[in-house]
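The tour below goes from one selection to the next and says what is found at each stop.

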Amino acid sequence: MIPQRTTAQMSIDWPLLSNVSYEYIQNLDQNFWYGKATFGEEVLALDGQKVTITGYIIPADVGGGNYYLSAFPFSTCFFCGGAGQESVMELRLKKKKETFDPDELVTLTGILQLNDRELELNYILENAIRDK
């Protein structure tokens, strides 16, 4: 799917974000493997862009206001082994005290940051706000 521009942001979906491949690399210092992402051209074009996406809220640390957005509800999300790491993104909320319910289906807008570093998610939504 080609991203569609709306007024000030692009509306994207999870199938578009699945245009990524992984090379598995071993971190010898800490003795673990991780998938280093290589993003497809359509995804690379989204880096640093204002986007809107819909997904399910996965709480990471509710007390600390840390949440993830997933293409799937908690029972089938990446953290439970039911999907790939391209199906989830870290949320960095603009309103730090905003709260969400687990598995709440929401539409959010923010700046999409691509990430290929170990121990971090491939997608980060900066300054994320809930669409009304």
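Start with Asn31, in the loop between strand E3 (20-27) and E4. The model is a predicted one, and Asn31 is a stop for its backbone: phi is near 55°, a positive value in a residue other than glycine. Asn31 counts as exposed, because its relative accessibility is 59% and the cut-off for exposed is over 50%.

Next, select Asp103, which is placed in the loop between E7 and E8. Asp103 also has a positive phi, about 65°, although it is not a glycine. Is Asp103 buried, exposed or partly exposed? With a relative accessibility of 34%, Asp103 counts as partly exposed.

Now zoom out to the whole chain. The protein chain has 2 helices and 9 strands, and along the sequence they follow the pattern β-β-α-β-β-α-β-β-β-β-β. Of the 132 residues in the protein chain, 37% are buried. Colour by surface if you like: the accessible surface of the protein chain is about 7,500 Å², and carbon and sulfur atoms account for 50% of it. Among contacts between residues at least 6 apart in sequence, 56% join residues at least 24 apart.

Hide the surface and go to the core. Which members of the largest nonpolar core touch the most other members? They are Ile12, Leu17, Leu69, Met89, Leu91, Leu112 and Tyr123, in a core of 27 residues. Two or more core residues come from each of helix H1 (14-17), strand E4 (32-39), strand E5 (50-61), strand E6 (66-70), strand E7 (88-93), strand E8 (105-114) and strand E9 (123-130). The largest share, 4 residues, is that of E8.

Centre on Leu17 and show its surroundings. Leaving aside residues up to four places away in sequence, Leu17 touches Ile12, Val43, Leu46, Ile53, Glu86, Met89, Leu112 and Tyr123.

The remaining stops are charged pairs. The salt bridges number 5.

Select Asp116 and Lys36, whose side chains meet in a salt bridge at 2.8 Å, N to O. Asp116 is partly exposed, with a relative accessible area of 29%, and Lys36, at 29% relative accessibility, counts as partly exposed.

Move to Glu126 and Arg92, a salt bridge of 2.7 Å, N to O, between the two side chains. Glu126 is in strand E9 and Arg92 in strand E7, and the pair links distant parts of the chain, 34 residues apart. Glu126 counts as partly exposed at 23% relative accessibility; Arg92 is partly exposed, with a relative accessible area of 30%.

Then select Glu104 and Arg130, where the side chains form a salt bridge of 2.5 Å, N to O. Where do the two partners lie? Glu104 is in the loop between E7 and E8 and Arg130 in strand E9, so the pair ties together parts that are 26 residues apart in sequence. Arg130 counts as partly exposed, at 23% relative accessibility.

Methods
Residues are numbered from 1 along each chain as its sequence is written. This is a predicted model: local features need pLDDT of at least 70, side-chain atom pairs count only at pLDDT 80 or more; totals for chains, interfaces and linings use all residues. Side-chain values use heavy atoms; hydrogens and water are left out. A nonpolar core is a set of buried Ala, Val, Leu, Ile, Met, Phe, Trp, Tyr and Cys residues joined through side-chain atoms within 4.5 Å. Buried means under 20% relative accessible area, exposed over 50%, partly exposed in between (1.4 Å probe, protein chains only). Contact means heavy atoms within 4.5 Å. Accessible areas come from the Shrake-Rupley method with a 1.4 Å probe; for residues, only the protein chains shown count as cover. A salt bridge is a side-chain nitrogen of Lys or Arg within 4 Å of a carboxyl oxygen of Asp or Glu.
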